[in-house]
Amino acid sequence: MPLSRTTIERQLQTAKEALAVWVKSLTVKGIERPQFRKDPRWRQLNADCNAIRRRLDRVAEIEANNAEVAQRKSEKLAAAE
């Protein structure tokens, strides 16, 4: 069963918070923004955020498709009556 929009949004928020904590720790260590890509933990956390964002985009596409299908069904029923 696919995850709901609220669940995915909560996962994204948690992933962003984890990434922010790690970015802060890297900044405290004196590592600058362009060097973050060399850090394996940052890459993993960033990849997690990107994957969840893509999943959320896909949910939006599915919701739009379902709304279109429901509209077509109601138009078809109205035309039949």
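Residues are numbered from 1 along each chain as its sequence is written, and side-chain values use heavy atoms, with hydrogens and water left out. Because the model is predicted, local features need pLDDT of at least 70 and side-chain atom pairs count only at pLDDT 80 or more, while totals for chains, interfaces and linings use all residues.

**View 1. How helix H1 runs past helix H2.** Here are H1 (residues 5-28) and H2 (residues 40-80), with axes that come within 9 Å and cross at roughly 160 degrees. Helices are DSSP runs of H or I, at least four residues, numbered from the N terminus. Axes are lines fitted to C-alpha atoms over the stretch in contact, and angles run from 0 to 180 degrees between N-to-C directions. The pair is therefore roughly antiparallel (angles over 145 degrees). H1 passes H2 in a left-handed crossing, meaning that the near helix is turned anticlockwise from the far one by less than a right angle.

**View 2. The residues where H1 meets H2.** From H1 the contact takes in, among others, Ile-8, Leu-12, Lys-16, Leu-19 and Val-23. Residues on the H2 side include Trp-42, Leu-45, Cys-49, Ile-52 and Arg-53. Contact means heavy atoms within 4.5 Å. Sort the residues of this contact by type and you get 15 nonpolar, two polar and seven charged (Ala, Val, Leu, Ile, Met, Phe, Trp, Tyr, Cys and Pro count as nonpolar, Asp, Glu, Lys and Arg as charged, and the others, Gly among them, as polar).

View 3. The structure holds one aromatic pair, and Phe-36 and Trp-42 form it, tilted, at 6.2 Å centre to centre with 45 degrees between the planes. Rings (the six-membered one for Trp) pair if their centres lie within 6.5 Å; planes under 30 degrees apart count as stacked, over 60 as edge-to-face and the rest as tilted. Both Phe-36 and Trp-42 are buried (buried is under 20% relative accessible area, exposed over 50%, partly exposed in between, with a 1.4 Å probe and protein chains only).

**View 4. Lys-16 on helix H1.** Lys-16 has 39% relative accessibility, so this one counts as partly exposed. Set aside neighbours within four places in sequence, and Lys-16 is in contact with Cys-49 and Arg-53. Phe-36 is 20 residues along the chain from Lys-16, and their C-alpha atoms are separated by 15 Å.

Key
Helices (H or I, at least four residues) and strands (E, at least two) are DSSP runs, numbered from the N terminus. Angles under 35 degrees count as roughly parallel, over 145 as roughly antiparallel, 65 to 115 as roughly perpendicular and the rest as oblique.
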